[in-house]
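I opened my notebook to look up how charged side chains pair up in this protein. My entries follow the display.

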Amino acid sequence: MSDYTEHELIAEVKKGERDCYRIRICEYKGHPYVDLRQWYLDRATNEYAPGKGCTIKPESLREVILALQ
């Protein structure tokens with residue numbers, strides 16, 4: 001059983017025909033995170049699968065957003 005739990009999809013932003021970015025609230029080993037990840041449409045299953053991304057601690061989120069602006 002995994003220690004990772006997805007709680008809520010916040011946003012999905014199209015990147016291209018077969019790719020998108022998803023921002024989700026997740027939990028890992030009891031700790032909350034914001035997950036920002038690129039997802040791609042798997043040709044074999046025709047379903048989105050996770051690709052590269054990162055998780056951010058909620059207390060660091062404001063500083064990350066300010067740095068990106």
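Which residues are linked in a network of salt bridges? I found Arg24, Asp35 and Arg37 in that network. A salt bridge here is a side-chain nitrogen of Lys or Arg within 4 Å of a carboxyl oxygen of Asp or Glu.

**Ground rules.** I noted that this is a predicted model, where local features need pLDDT of at least 70, side-chain atom pairs count only at pLDDT 80 or more, and totals for chains, interfaces and linings use all residues. Residues are numbered from 1 along each chain as its sequence is written, and side-chain values use heavy atoms, with hydrogens and water left out.

**Entry 1: the layout.** I looked up the elements. The protein has one helix and four strands. Their order from the N terminus is β-β-β-β-α. Both kinds are DSSP runs numbered from the N terminus: helices are H or I with at least four residues, strands are E with at least two. I also noted the span of the C-alpha trace along its principal axes, about 40 × 35 × 15 Å.

**Entry 2: burial.** Of the 69 residues in the protein, 17% are buried. Buried means under 20% relative accessible area, exposed means over 50%, and partly exposed lies in between (1.4 Å probe, protein chains only).

Entry 3: I went back to aspartate 35, which sits in strand β3. Its side chain meets that of arginine 24 in a salt bridge of 2.9 Å, N to O. Arginine 24 lies in strand β2 and aspartate 35 in strand β3, so this pair ties together parts that are 11 residues apart in sequence. Aspartate 35 also forms a salt bridge with arginine 37, at 2.8 Å, N to O. The side chains of aspartate 35 and arginine 37 are joined by a polar contact of 2.8 Å as well. A polar contact is a pair of N or O atoms within 3.5 Å; within protein, one must be able to donate a hydrogen and the other to accept it, and residues adjacent in sequence count only if both atoms are side-chain atoms.

Is aspartate 35 buried or exposed? I wrote down buried, because its relative accessibility is 1%. Arginine 24 is buried too. Arginine 37 counts as buried because its relative accessible area is 17%.

**Entry 4: another bridge.** How many salt bridges does the count come to? It comes to three. One of them joins the side chains of glutamate 12 and arginine 22, at 2.7 Å, N to O. This pair links distant parts of the chain, 10 residues apart: glutamate 12 is in strand β1 (residues 4-14) and arginine 22 in strand β2 (residues 19-28). Glutamate 12 is partly exposed, because its relative accessibility is 40%. Arginine 22 is buried, because its value is 18%.

**Entry 5: arginine 22 again.** I checked what else arginine 22 does. It lies over the face of tryptophan 39, at 4.4 Å from the ring centre. The rule for a charge over a ring: NZ of Lys or CZ of Arg is within 6 Å of the ring centre and within 35 degrees of the ring normal.

**Entry 6: the surface.** Which residues make a nonpolar surface patch? I listed Val13, Tyr21 and Leu36, with about 240 Å². Leucine 36 is in strand β3 (residues 31-41). It counts as partly exposed because its relative accessible area is 34%. Patch residues have over 30% relative accessible area and no salt bridge; nonpolar side chains (Val, Leu, Ile, Met, Phe, Trp, Tyr) are joined within 5 Å, like charges within 9 Å. Accessible areas come from the Shrake-Rupley method with a 1.4 Å probe, and for residues only the protein chains shown count as cover.
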